[in-house]
Amino acid sequence: MNIHLNSLLSQLTKPHQTIWRTRILHALVVTNSLSSDPFYATKILRLYAVNNDLISARNLFDRTPQRSVFLWNSIIRAYAQAHRFPDAFALFKRLLISETPPDNYSFACVARASADSFDIKALRIVHGKVVSFGLSLDFVCNSALVSSYSKLGLVDEASCVFRGIEEPDLVLFNAMISGYGSCGDWMQGIELFNTMQNTGFRPDGYTMVGLIIGLIDHSSINTGKTIHGFCVKCGLDLNDHVGSVLVSMYSKCKNIESAFKVFGSLVQPDLVSWSAIITGLSLAGDYVKALLFFREFLIDGRKKADYVLIASALSASAQLAIVGPGCEIHGYAIRHECSTEVAVSSALIDMYAKCGFLEMGVKMFDKMPQRNLVSYNIVISSLGLYGRAQEAFRLFDEILQEGLMPDETTFAGLLCACCHSGHVSEGREYFRLMTEEFEIGAKTEHYIHMVKLLGMNGKLEEAYNLVKSINREPVNSSIWSALLSCCDSFKNYELIDVITKHLDENEQENCSYGVVLSNLFAGDERWDHVQQLRVDNGGARGKIPGISWISNTNH
């Protein structure tokens, strides 16, 4: 009997068992009259959760008469990891009023669930409970609170929690450094890193990852190289996680050569590394190479692509506007049961629309089991480019009904739809909604759409007044070019003269609208003005020629 139980216990302590094996182990626990023991119930419940069988996990929890805090934590964590946050929060509330007092891991789990569900109010309630239960100095709770506040962009609250600890340990330092990195405040992260070293702590891989994730543009590349050098000096560059974020950092900073060197040094690049190098190639405009790398990843076959990697590859295919590779990636996503992930579905909508298959994109959107603002924005922008304004307007109403908050991308798509379909009054109303009711500042893209909408519908003076109302100088050249193109369509040379005078007075010289002006004056046979632009001002030095390509479907 003891040998039998020892063997059972050995099987239960393994990190993973198949669902079939888990049910056999559960049956053995029941036949040995151990099902009411919370220790064995916790072990079985954890295995059910690993296999995503939450129904069996919940049934086991409900039938266990004596529930330890470990059993409570396991079922709450199972729901949180499955992103079933309402169930996780409901169980946590039941735990608070039960006879079993929660421990530090209970609060840490729910704090992370609050961050994962982007529920600031819930996180602050959890924080209050941590204090009321006398755990305000607990390292586990505080580490979770720092990480959770940081994930939600509340770095000041995270810093406040951190400063409340008299002697933070390495885990807390790492959590706070990662918090600064997640919010892009890498200078504060480096300052805290120096403090940590002066305190006597030796940085580990998590420390370096926290520092590196905040370096996201070319201006921070020298800092990134310095940190990379420190990693090499300390031998931390051999850490797979550190290597992955270094690839990501160099890719985001568009230093592809360095990204390749780090990627090549990794013994077994993980999904983060593959996603980073493919995204980096896309950012650098080398979309063909990005897709070739994705193919190399698939041929390697050691790992299955996750939704982030698939979305990155679809983005590269969309930029090439070649539907073939996108369809192949779509097939891969279906075979591996991740085509319904929000990120993958959104990327598929964008890919099909940019490749000229809008109906396929709309069908993907209609079949999505879950939608977020990104997916709505993509389909609204796609409909806008195709001039299908009424459908875009209907989706905007749906966004509001779903309780989502539209952003600048939403309104850019709506204004684009108005521009392509000539809906002037609707365009004015959406522009007003954006700036007045939702208090979103108009960007260059919004102004271009409005100027084209008004100008191409004969309202040139209103378009000109809109451009003059922009309270930042110099006004982006693309906005002036849009207005000048409208003037050309209506042969309104009088307004062109007014605009030219305004540009001269403000000493704005730009190749983009200089070429437009030169062509306009040439059309009116005002050769003296053309000569002045081309020679005296040097404003029309020519523009970068366009390119086209032919897709070879055999490659």
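The predicted model holds one cavity of 30 Å³ or more, a cavity being a set of points on a 1 Å grid over the protein atoms alone where a 1.4 Å probe fits but cannot get out. The largest cavity has a volume of about 40 Å³, where volume is the space filled by probe spheres set on the grid points, joined across faces, edges and corners. Its lining, that is, residues with an atom within 4 Å of a point, consists of Gln268, Pro269, Trp274, Phe297, Asp300, Arg302 and Lys303. By class, three residues of this lining are nonpolar, one is polar and three are charged; Ala, Val, Leu, Ile, Met, Phe, Trp, Tyr, Cys and Pro count as nonpolar, Asp, Glu, Lys and Arg as charged, and the others, Gly among them, as polar.

This is a predicted model, in which local features need pLDDT of at least 70 and side-chain atom pairs count only at pLDDT 80 or more, while totals for chains, interfaces and linings use all residues. Residues are numbered from 1 along each chain as its sequence is written, and side-chain values use heavy atoms, with hydrogens and water left out.

The largest pocket (an open set of points with protein on both sides within 12 Å along at least five of seven lines) contains about 710 Å³ of space. Sixteen residues, given as 16 in the count, line this pocket, and Ala82, His83, Phe85, Glu341 and Gln370 lie nearest its centre. Six of the lining residues are nonpolar, six polar and four charged.

The axes of α12 (residues 186-199) and α13 (residues 205-212) come within 9 Å and cross at roughly 155°; axes are lines fitted to C-alpha atoms over the stretch in contact, and angles run from 0 to 180 degrees between N-to-C directions. Helix α12 is therefore roughly antiparallel to α13, the term applying to angles over 145 degrees. The crossing is left-handed, meaning that the near helix is turned anticlockwise from the far one by less than a right angle. In contact (heavy atoms within 4.5 Å) are Gly189, Ile190, Phe193 and Met196 of α12 with Thr207, Met208 and Leu211 of α13. These residues comprise five nonpolar, two polar and no charged.

For α15 (residues 240-252) and α16 (residues 256-265), the axes come within 8 Å and the crossing angle is roughly 165°, so α15 is roughly antiparallel to α16. Helix α15 passes α16 in a left-handed crossing. Gly243, Leu246, Val247, Tyr250 and Ser251 of α15 meet Ile256, Ser258, Ala259, Val262 and Phe263 of α16, and this contact has seven nonpolar, three polar and no charged residues.

The axes of α20 (residues 323-335) and α21 (residues 342-354) come within 10 Å, crossing at roughly 160°. Helix α20 is therefore roughly antiparallel to α21, and their crossing is left-handed. Val323, Gly326, Cys327, His330 and Ala333 of α20 make the contact with Val344, Leu348, Met351 and Tyr352 of α21. Seven of these residues are nonpolar, two polar and none charged.

How values were computed. Helix = DSSP H or I, 4+ residues; strand = E, 2+ residues; numbered from the N terminus. Parallel < 35°, antiparallel > 145°, perpendicular 65-115°, else oblique.
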